[in-house]
Amino acid sequence: MHIHSNDPHSFYQAGQPKIELISWVVTPDFSEKRLSCMARIFFDRPGNTALDTRDLRILKVTDTDLVGIPFELGSPDPLLGSRLSFDVPEKRVVEIRYETSPDAHGIQWMSSELAGGKPFVYTQGEAINARTYIPCQDTPSVKFKFGATLVVPTDLRGLIAASEHVGRTQTESCAVEEWNMPFPITSYLIAFAVGDLVSEELSDRSRVWAQPHMLEKAANEFRDIPKLMAAGERLFGEYPFGRYDVLVMPDAFPYGGMENPCLSFLTPALVAGDGSGISTVAHELAHSWTGNLVTNANWDSFWLNEGWTVWAEDRIVEEVYGADVAMLGRKLLELEFQDDLRHFEKAGEWRFTALCPDTAGIDPDDVFSRVPYFKGAQLLTLLEQTVGRERFDAFALRYIDAFKYQSIDTETFLDFLQTELGQEVFDQVRVEEWVYGPGYPKNAPEIRSSLIGPVEELARKGEVPPPNVDWIMPQWQLYLELLPRDLSLDFIDRLEGSFRLSTEENTEVRWSFLVLATKTGYLPVFSEVERFLLAKGRMKYLKPLYAALGETPEGRAYAEIIFANARHSYHPVAVRAVENALAA
Ligand code: BES
Ligand code: ZN
């Protein structure tokens, strides 16, 4: 299948010579916060082509005999960066030597102090930041194979999100780690991490990587990964990428998880000791089929990645932990989605509540929301309920098989859907309204779980739970999110008195409580809020908590002081998100 339309977030134009393979050599310099790199790029044919770059210092563009190739580096566009264009020679191979900028948006450098041990550096490509560490066709419409060599200090490990660790060789002064990825991937999935990392095996194709102090707890928390993989394979076909490992990141990691191929990056908050983090692992694992194997061809079609993946995550969770747990998760996602709807309405940006919005000219990170996740998953669940589970599961398998190793856009998916499930279903469900219309359609499926009712009732009545309540952590989260917003200080005080939620070990629950207490103006938690904001970097936590502080003038001044102290420890993308949250 050929994609003819252009991706508005890339300088690459459909029809130009395409990347087939990148062989990458990377040497991090921690003191200068710079990567020194060589990218050897193999194209499918000779001719004029374009790569995306941003804040890169291009030193040399040559053929494999080191003969210079004339190139043009365009002036920087604030959103897209600079176009790097040249003629691919007859031999189809181009070598680029370059250095990254200390401020690259896709790289986070952490000192020993920030990483809690030895220094740490890693990349985050999605959505359009791979170009800040590797010159490439930074569009999810292009797939290529990949190999990489990391040159790291001898006391650190260098991990690449790839299936084969070719080997590690060591000299007095450095270690060289070589990796190979024989399956085609897109640029936003290129990722590495370098740090003090150790691992424990979960099965012959899965292991957990973490900093030493986290390893035992993490391996225990994620011990069900082999079961999740087996469930995924029953539902969606053989696991497509050989290995599936996970890496527990430092606290500054700005996401809950990132589905880097063969090596999902996870926030350490998932290692809660209570089993609540595993559904996020199911999510990142599910991306192996929906996202990494079948990929959105542009960022308007992001819902094909995330909507399908939430649906697939919940099916895996249902297989392993039951439907009640899965649908409790869906309910929590709905509450985040409802917040996003309110936000977009207030900001006059209602158009971003469409599943497939027009994001040309906009940084996809700036309009990140739970719309593609929740609304996308609900559409798929509605289709599942309409045609029956058996027919829908068969459809999901055919979808994955039909588009594996390809990138597709929304229109291609809708055509496939119409052909496979029929015009009648398509019209009955009102798929077009779901996909292109804003807001939340009236025919959305109801979310049912026996774990929701009792929580809802107490929350609606605004009652403090009895001391012997035996809720699982996501039920606590639901309770806190469902409580009326005009609570009294006395209520918060009683809740805190009974359950000490401000120091609860589960990060999600502690965070929900801190947001609620801050909005109520409950001063005793402010020092916990400060501690939280100084320690954590996940954007899902930072944005609402800073916004909650920003609601009062005193809180706002406090937020600015905390941000000034914390910003050096946040990922560049998170710094931008907090700036936006405080400006709103
Ligand atoms: N692919 C996303 C993370 C992402 C999205 C990074 C857009 C950069 C740009 C990942 O799979 C994800 O969805 N993470 C969620 C997990 C949750 C839905 C279980 C997150 O981080 O909140
Ligand atoms: Zn996802």
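These legends describe close-up views of helix packing, strand pairing and an aromatic pair in a predicted model.

The model is predicted, with local features requiring pLDDT of at least 70 and side-chain atom pairs counting only at pLDDT 80 or more, while totals for chains, interfaces and linings use all residues. Residues are numbered from 1 along each chain as its sequence is written, chains are lettered from A and ligands numbered from 1 in the order in which they are written, and side-chain values use heavy atoms, with hydrogens and water left out.

**View 1. Packing of helix α15 on helix α17.** The axes of α15 (residues 507–520) and α17 (residues 539–549) come within 8 Å and cross at roughly 15°; helices here are DSSP runs of H or I with at least four residues, and strands are runs of E with at least two, numbered from the N terminus. Axes are lines fitted to C-alpha atoms, for helices over the stretch in contact, and angles run from 0 to 180 degrees between N-to-C directions. The two helices α15 and α17 are therefore roughly parallel (angles under 35 degrees count as roughly parallel, over 145 as roughly antiparallel, 65 to 115 as roughly perpendicular and the rest as oblique). The contact, meaning heavy atoms within 4.5 Å, involves Thr507, Glu508, Trp511, Leu514, Val515, Thr518 and Lys519 of α15, and Lys540, Tyr541, Pro544, Leu545, Ala548 and Leu549 of α17. By class, the contact of α15 with α17 holds eight nonpolar, two polar and three charged residues (Ala, Val, Leu, Ile, Met, Phe, Trp, Tyr, Cys and Pro count as nonpolar, Asp, Glu, Lys and Arg as charged, and the others, Gly among them, as polar).

**View 2. Packing of helix α16 on helix α17.** The axes of α16 (residues 526–535) and α17 come within 11 Å, crossing at roughly 145°. On the α16 side the contact is made by Phe526, Val529, Phe532 and Leu533, and on the α17 side by Tyr541, Leu542, Leu545, Tyr546 and Leu549. The residues of this contact between α16 and α17 divide into nine nonpolar, no polar and no charged.

**View 3. Packing of helix α6 on helix α13.** Helix α6 (residues 323–346) and helix α13 (residues 473–482) pack at an angle of about 30°, with their axes 10 Å apart, which makes α6 roughly parallel to α13. Leu328, Lys331, Leu332 and Leu335 of α6 meet Pro474, Gln475, Gln477, Leu478, Glu481 and Leu482 of α13, and the residues of this contact divide into six nonpolar, two polar and two charged.

**View 4. An open sheet of seven strands.** The strands follow the order β4-β7-β2-β1-β10-β13-β12, with mixed pairing; two strands pair if DSSP finds at least two bridges between them. Strands β4 (57–62) and β12 (164–170) stand at the edges, each with a single partner strand, so one side of each is left without a neighbour in the sheet. Strand β10 (residues 144–152) runs antiparallel to β13 (residues 175–185), joined by eight bridges, and Phe144 stands opposite Ile185 in β13. Strands β12 and β13 form a hairpin with four residues between them.

View 5. The whole structure contains 50 aromatic pairs, among them Tyr399 and Phe416, which form a tilted pair at 6.3 Å centre to centre with 45° between the planes. Rings of Phe, Tyr and Trp (its six-membered ring) pair if their centres lie within 6.5 Å, and planes under 30 degrees apart count as stacked, over 60 as edge-to-face and the rest as tilted. Tyr399 lies in helix α8 (residues 389–403) and Phe416 in helix α9 (residues 410–421), so the pair ties together parts that are 17 residues apart in sequence.
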